[in-house]
Amino acid sequence: MARKKISSTDLIWQFHEKLKEFDDHPLHGISVAIVPEDEGEWRAVTTQNVMKRRPVWAGRIQSIEKRLRREYSLTGH
């Protein structure tokens, strides 16, 4: 199945929409950045603060990344 092309901005929006589905989503949100890699590939990163102090949220970001990487490739690369 071919992956859909998506911009990094829209991909970040997808992350935030999926994170809002959790009941304990913080009001201020979670910082997520999309880092382009070779040929449309990408990875999601968050702050060290989230990685160290909010391991549950870090795991959720990794889980969402895994699902979205199957569906989307990054445009412009």
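F15 is buried, at 0% relative accessible area (buried is under 20%, exposed over 50%, partly exposed in between; 1.4 Å probe, protein chains only). The model is predicted: local features need pLDDT of at least 70, side-chain atom pairs count only at pLDDT 80 or more, and totals for chains, interfaces and linings use all residues. Residues are numbered from 1 along each chain as its sequence is written, and side-chain values use heavy atoms, with hydrogens and water left out.

Two aromatic pairs are found (Phe, Tyr and Trp rings, the six-membered one for Trp, with centres within 6.5 Å; planes under 30 degrees apart are stacked, over 60 edge-to-face, the rest tilted). F15 and W42 form one, edge-to-face, at 6.1 Å centre to centre and 85 degrees between the planes. F15 is in helix α1 and W42 in strand β3 (residues 42-45), 27 residues apart. Helices (H or I, at least four residues) and strands (E, at least two) are DSSP runs, numbered from the N terminus. W42 is buried too, at 0%.

## F22 and W57

F22 and W57 are also edge-to-face, because their planes stand at 80 degrees, with centres 5.9 Å apart. F22 lies in the loop between α1 and β2 (33-36), W57 in helix α3 (residues 55-71), so the pair ties together parts 35 residues apart in sequence. F22 is partly exposed at 30%. W57 is buried at 3%.

## Charges over rings

The charged end of R60 sits over the W57 ring, 4.5 Å from its centre. R69 does likewise over W42, at 5.9 Å. The rule: NZ of Lys or CZ of Arg within 6 Å of the ring centre and within 35 degrees of the ring normal.
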